[in-house]
Structure formats: structure tokens, C-alpha cells
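Reader: I'm new to this one. Can you walk me through it?
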Amino acid sequence: MLAAGAAVAMARCARGGPDVPEPPQFPLGVASGDPTETGALLWTKYVGEAALTARVWEENLDPSTGQELAVRPSDSGFAHVEAEGLSAGRHYRYVFSDGATVSSEGRFRTLPAAGTLARVRLGATCCTRYGVPFDPLARAAERDDLDAFLLLGDTVYCDGAHTLEQYREKWRETLATHEYRALKASTPVIATWDDHEFNNDWSEDTIDRARFTAASTAFFEHLPVRRNALNPDQVWRSVRFGDTLEVFVLDVRSERYRNAGQYIGPEQLNWLLDGLSHSTATFKLVMNSVPLASFSTPFFATTKSDRWEGFTQARSELLTRLESLRPSGVLWVAGDFHLASVGRLDLQGPCCNDWEVLVGPGGQTANASPSYPGRPQFDWSSGTNNFGVFDFDPATGVVTLEYVDGKGRVFHTAKFNLGDGQQQRLLSLASATP
Amino acid sequence: MGLSAVLLAVTMAATQPLAAAVPPSPPSASEHRGIALASAAVTLGLSNLAAAGVVWAATAARFEQLSRPDPFYIGLSLATGVAVQLLAAHFVVPEATRLGGVRDVERVRAEAWRWSRWAALLGSVSVGLFTTGALVERDQFGNGQALLLAGAVGSFVSFVLFDVLEVVGLSRGLRQP
């Protein structure tokens, strides 16, 4: 019965096209996240009382050949279940079922095996505010070539929420959109948080514990983010795609103490620097929700206190230590600014020639500054809502970043030569003609 | 338009003591100063909207084309908006006083300009600063932003001040014999 239901669900798989309503038992659709070589974390929100199962099977094979997993949702119906024992580098499909109703179908790819030098393609965006069209997400969901999708923060705007129920409602209204349901079903997500999942511009010493607990609970309930066994609230982690790429996911909020000038905690900082210098992956992508680059101009100075630049000593320590380690293949990716850009970290100083790209926003108003980042430090910037597609090619050492708008048009491309042993440089920039 | 109505009320209240110091000239039987001033204020408000609309439409279209703001284009749009505002305020707004039976529109026009020209000057200088900053900003991100900021603030201040002084001038012009 489950296999037959899966066949029905296949026809209903939301892939970014016209909205296909979810069964009321699974109102927020399905999702996968934090893939491994042998599996992924699967997720859904279940409304009902029946026993829940998940079926996972290899793509292009019959669902009956897959494995069935027992699922124990939380009291609030949020279900996280590990799919394990799978093969590396393969595509899988999955559904949830309570015996009578089958959810829509999801798809994920396990990570390449260790030692593999396969091409890796990731999508990424940030800043999606409910009420603003999420067209870029819908376009991303239509693709079947992404190995994962990075959510860089401000996925949901929870400003004004204080209680767990209020935070849940904010998450519900955003994730219930057909664009998000389609995206999360189409590929695994790798997520971090920024400020708006809690409250605008928060830090550890400006938010009260009850509010933090409510917001972080809602975050982990609504996303397939694997909890750290020793520190369940820890968001920073890494995800390794064979020997091609290692993604370092940062948490630049919950360890931030404004009064003490601490941006991230010493453990996270040491982990990052150690990871970057010792990783054997060709490329290292650092997911940093708020930009590291300097934007030392009057317009951008008004928001300086909320980013690395406003924590001068912490930023200097990071860059100085990074400069001394000189890891190769590093690319920083950030969001938050409601604009996309390609530029260097600084005009001068340690790591000034390292590259940082801003992607998104996926669904927000554009940055209101009358002057966007430009030469000589920045090579390009744009206020068009977008998602970025990173293509990591270990054979050539080249990273290609395409910016895709809400119509699916690639409106800008940047290529970086970041391969080991070669001078890291921007190879080319190309914008589509309007 | 709402802004102009508020400014009108504030201006009339603020200038009452001044008006009391100067013996008012007897109104002509066919002039209704309140209606005249209100008509002019409403027209001024409409000219605000027209000027703002020109600036908004031009900058939005350019943003759509480039997917980013063009500060120089914004400066040109602001200059166009200022021109629209000044032309409307000088040629159209005083004419609206005819709805209150005013015949000598020229005296109203002259007095209004006598007051508002300073705000017009501030606006023009501000737009000039903004546009200069935009030119400096090209290929030197950050270098022109102080001028952009000064120009933006000055433009906003002059936009509000112009309305206030225009209404003061219209009011004074209507009181003259």
C-alpha cells in the first residue's frame, strides 16, 4: 500500500511549478538535510495520531526495494528521522506515511565517498520574508542538479515573536508556501541562523533566555538540522563532499557578546581555523551569515555594529591567524545585506585578497542604499532577488558562481581560480544583457 | 498632500501673531482668503506627489535595468523632480488662488517666491552635492558617500522647507492689499 501511495505521491511531487497542496496530515511538506555519505536527516510535520513511517528508496528503482523507517514525531508533530545505511553519491527518494495518507515525495543525494573528487553543485540564498514573492526558490526547486541548498540565515522573519507558539506560527506561514515546500523536497538543505529567526540584530547578551529557547526550539523543530550530541543548540558544523569540498557552517549569533567584543566563541574560532588549514578538500566554503568584508563607507557604517566589521579585534584576530595559515581554496559566502556581490575582504591588510560573495536575497526588498558596493574592492553587486549556484570543479580548481533570478535567468556569473598551488584569483565576471 | 495640509495649519497658527501686528487690509468682497489658501495648498501637495512620482519612476526604472541603484541617475532624477516642483509651485499653485476669488495672482506669486526661493536654493545645492558625490563614487566605492549623504539629507530638508515657506509666502501674499 505504501509503494502504491508512493507512486501517487510521485505524481504530486512539488517541483517549483504550480502549487500542489499538501495532504492536511503533512501541511509543511517534507525535507531532508545535513546529508552524509550513507544517509540524510529526513523531516516532516505530521498532524494526526497514527503511527508514522518513512520509506527511502534509490531513485529509478521501485519504492518497495527501499527501507522503511519507524518515525517518532515530537508532541507537536515534528518528525526528524535518520536515513542510514545508504550508498555514497546516489540519489534517493522518500515519503512519509501514516498508513492512510502519504506525504509528497522528497529527493536527496548522499555525499560523495571520502577520497572522491566529484564535481559538486550547491544552491544558496538568504533573507526570505513572508509576503515577498519567493520566485528564486521556486526556480531552484525546478532544478535536479543541486547536491544541497544552503540557507544562510533570515530564512524566516520572526521579529515580534516571543513565545514558542508565536515563533512556530512565523515558521509555519513561511514554510507552508509552495516555493519552500518545493525547494525543501527537491534537495537537502544545510542551514544556519542569523538574527531574524530570533529578533533583529540580537546577540547572546541582548536576548533573554526564554526568548532564545523559544526561537531556537522553533528553528530546530522546522528544519532538518542534525543536533550535536554534546551541545544540542550548536549550529556550527562542517559538511564534507568527498575530497572536493568542505562546507564550514558558522554560527555568528549565539556566541556573540557585544559588551565583550566577542563575535564567535574561541572553540568555534579554533575549530574553523584548524578545519580550514587541515582540510584536504580542494575547496573550502565558509557559510557566514553576515559579511566578513569591510564596507567602510558612511551608508554601510550605520549597520557596522551588527557584523564582523563592528568587532574590530575579533575580525583582526581571525584574519591575522588565517593569513598566517594561508589555507588554499577558501571562499566566503554570506547574506544579510539584501544584495548580491562579488568582492575582496578588504582593500588592505591580512587576507585582503580573499574572496567573499554575497548571495540572495531570496525574497526581500533590495538594500535601500543609493550606492552599492563597487570598485576597487568589489567587482559586482546587484539588488535583484536571486539564489546562487556554486559549481566546484576539482579537476580545474575553478569555482563558478551563477546568480539566478526569479525568472530562472542567469544574470551574472563569476569564476574563481581557487585550486591548490595556484594564485587564487577572479577569472571572469559576466553579466547577462537586460 | 496630507503633509501640505498639516503644514498649512501649522503655518497659519504660527503666523497669527505676525498677522496681528500688521493691521489687515480689508478683504475685497469677492476674495475668500481661506479658500484661496486651501486651494493653493492642495495644489502644492499635488505638485509634491508629481515631483516625487517623477523621481521614483525614473530611479525605479533605472534600478530595474541595472539591478542596482545608479547614484548619478538618482541625482539627475532629483534635479528633474526639483524642476517639476519649482515650475508647478511658481506657475500653477498661485493660479489655484483664483478659486478663492483672487484676481491679483501676481502679487501672491511674487510673495510666495520671495519666501520659498531660499528653500529652492538649498534644494538645488543639495542635488548638486548628491550628483557630485555620485560622480566621485564611480569606480571609487565609498569616496563619494559623504557628499551623497549630505545631498540626500539636504534634499529632504529642502523638500519640507519649500512647502512651509511656499505656504507662508502664499499666505502673506493673500494678505497684501
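Reader: What covers the buried residues of α3(B)?
Author: This is a predicted model. In chain B, the cover includes α2 (33-66), α4 (105-137) and α5 (145-175).

Reader: Which residues of α3(B) are buried?
Author: B:Pro71, B:Ile74, B:Gly75, B:Ser77, B:Leu78, B:Gly81, B:Gln85, B:Ala88 and B:Ala89. Looking down the axis of α3(B), these buried residues fall within an arc of 165 degrees, so they line one face of the helix.

Reader: And what exposed residues sit on the face turned away from the buried side of α3(B)?
Author: That face carries B:Leu87 and B:Phe91.

Reader: How many residues does α3 of chain B have?
Author: Helix α3 of chain B has 22 residues, 71-92. From first C-alpha to last, α3 reaches 30 Å, close to the 32 Å expected at 1.5 Å a residue.

Reader: What happens at the start of α3(B)?
Author: B:Asp70 has a side-chain oxygen there that reaches to within 3.1 Å of the backbone nitrogen of B:Phe72.

Reader: New topic. How many disulfides over all chains?
Author: The count comes to 0. A:Cys126 is in no disulfide. Its nearest cysteine sulfur, in A:Cys127, is 3.2 Å away, and a disulfide needs the sulfurs within 2.5 Å.

Reader: Is A:Cys126 buried or exposed?
Author: A:Cys126 counts as buried, because its relative accessibility is 3%.

Terms used: Residues are numbered from 1 along each chain as its sequence is written. Chains are lettered from A and ligands numbered from 1 in the order in which they are written. This is a predicted model: local features need pLDDT of at least 70, side-chain atom pairs count only at pLDDT 80 or more; totals for chains, interfaces and linings use all residues. Side-chain values use heavy atoms; hydrogens and water are left out. Helices (H or I, at least four residues) and strands (E, at least two) are DSSP runs, numbered from the N terminus. The expected span of a helix is 1.5 Å times one less than its number of residues. Buried means under 20% relative accessible area, exposed over 50%, partly exposed in between (1.4 Å probe, protein chains only). The arc is that of the directions from the helix axis to the C-beta atoms. Contact means heavy atoms within 4.5 Å. A polar contact is a pair of N or O atoms within 3.5 Å; within protein, one must be able to donate a hydrogen and the other to accept it, and residues adjacent in sequence count only if both atoms are side-chain atoms.
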